[in-house]
Amino acid sequence: MHIRRTRRAVTALLLAGALIPATLTTASAAEAPAPAAPGVTIGKQTTDPQRVRDFWTPERVARALANEKGDRAAVARDAAAAAEAAEAAGARARGSAPRLTAEAPQVLPGKRTGVAATAAADVPEMPVAQKVPFPQTAPAILVGKILFIDDAGEEHGCSGASIAADGNNTVWTAGHCVHPGDGRGSDGFYDLVLFIPGYKESLETPGEYEAPWGEWVAQSFVAPQAWTRDKDYDEGDMAAFTVKAPTGYTNLTDTVGAFGYKFGYGSDWPDIIDSGFPGEGYHRTDMDGYTQFYCTGDVVDAMDWNPLDNRLEMNCDMGAGASGGPMATTEGQIVGANSHVETDDQDQRINDHLYSSDHGDQAVAVINAINDAN
């Protein structure tokens with residue numbers, strides 16, 4: 001696989017964003033008539049919410065973190081195989097039709113209005129992830145840990161983020177964090193799915209975790225059929241799910257806020273902030289799965305010479321556990337979600353490239369479907 005290496009100079013407002021109330025927009029198209037939206041798969045988690053919360057003991061969370069490295073290797077293998085198969089198959093029915101778009105701004109906790117103070121600064125691209133400096137304040141608390149079990153009952157973990165949507169209780173993540181992409185449709189969604197914004201390791205009892213902003217149990221899932229049916233890493237590895245507020249909370253957006261989104265506007269983005277909860281990274285030994293890290297820099301079209309592959313590529317050394325974490329603009333709008341890395345035949349990562357599926361028509365279809373479900 002040949003990946004473009006050129007990068008533009010980065011000028012980022014680090015960890016800053018325009019924090020303004022959300023006015024959700026529905027899908028639109030650059031030209032009329034509007035193209036039909038891609039198909040999505042909708043599923044439900046019917047397990048009693050308290051049972052889900054009770055299941056995730058510190059020991060089970062530790063097993064989920066331990067399994068993340070194997071998950072990363074499996075996802076990388078699948079993504080490489082899918083890319084080779086697509087290249088061998090030649091042209092696919094993509095790319096020439098008008099594109100759908102959808103957009104919403106970021107929301108402050110409690111629906112407060114205002115604009116965050118910013119200071120212009122020229123900063124270099126930061127591919128070596130750093131710890132988030134203020135992990136228990138917005139916007140860091142919009143990002144959280146996702147926990148789930150697979151069909152074999154094994155524990156796993158990902159990252160995800162609160163996103164602006166009707167109902168104010170929605171999380172955005174990667175498709176492989178909620179569904180194996182094996183063609184089973186609505187029956188294939190994982191069980192015991194839990195979202196913990198601002199998740200962290202306990203300072204008093206290392207090896208245990210804390211949920212300062214509550215434990216939010218998944219309710220309804222939406223993922224593209226491009227993922228659930230076709231396991232398409234180019235444009236399908238994304239999903240959204242609604243959550244149930246724990247006792248004492250109103251909704252997720254009022255509690256921690258919500259990222260906005262900008263879907264369908266291409267794969268090249270300057271000044272992106274990428275965050276998640278990695279348990280390991282490229283040539284890193286200091287990531288534990290409990291600590292939120294972030295990278296900054298430009299995102300480019302992974303293969304700008306190939307119009308059939310519009311994945312987002314960013315230089316960022318976060319690895320296992322960061323899957324599903326948001327790639328977001330400094331205005332707080334999600335444009336991608338961490339999906340996969342590149343590995344060799346021994347499952348060893350070969351560079352610091354981190355990829356997201358193209359967040360175009362498929363992402364628009366997902367966010368519109370999750371809004372319709374609320």
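In the predicted model, Asp317 and Arg284 are joined through their side chains by a salt bridge (a side-chain nitrogen of Lys or Arg within 4 Å of a carboxyl oxygen of Asp or Glu), with an N to O distance of 2.8 Å. Helices (H or I, at least four residues) and strands (E, at least two) are DSSP runs, numbered from the N terminus. Asp317 is buried, at 4% relative accessibility, and Arg284 is likewise buried, at 16%; buried denotes under 20% relative accessible area, exposed over 50%, and partly exposed the range in between (1.4 Å probe, protein chains only).

Salt bridges with shared partners unite Asp151, Asp182 and Arg184 in one network. Within it, the closest N and O atoms of Arg184 and Asp182 are 2.6 Å apart. Arg184 is partly exposed at 33% relative accessibility, as is Asp182 at 41%.

A further salt bridge pairs Glu155 with Arg63, the closest N and O atoms lying 3.0 Å apart. Glu155 belongs to strand 6 (residues 155–162) and Arg63 to helix 2 (residues 58–89), distant parts of the chain separated by 92 residues. Glu155 is buried at 7% relative accessibility, whereas Arg63 is partly exposed at 41%. The structure contains 13 salt bridges.

Residues are numbered from 1 along each chain as its sequence is written, and side-chain values use heavy atoms, with hydrogens and water left out. Local features require pLDDT of at least 70 and side-chain atom pairs count only at pLDDT 80 or more, while totals for chains, interfaces and linings use all residues.
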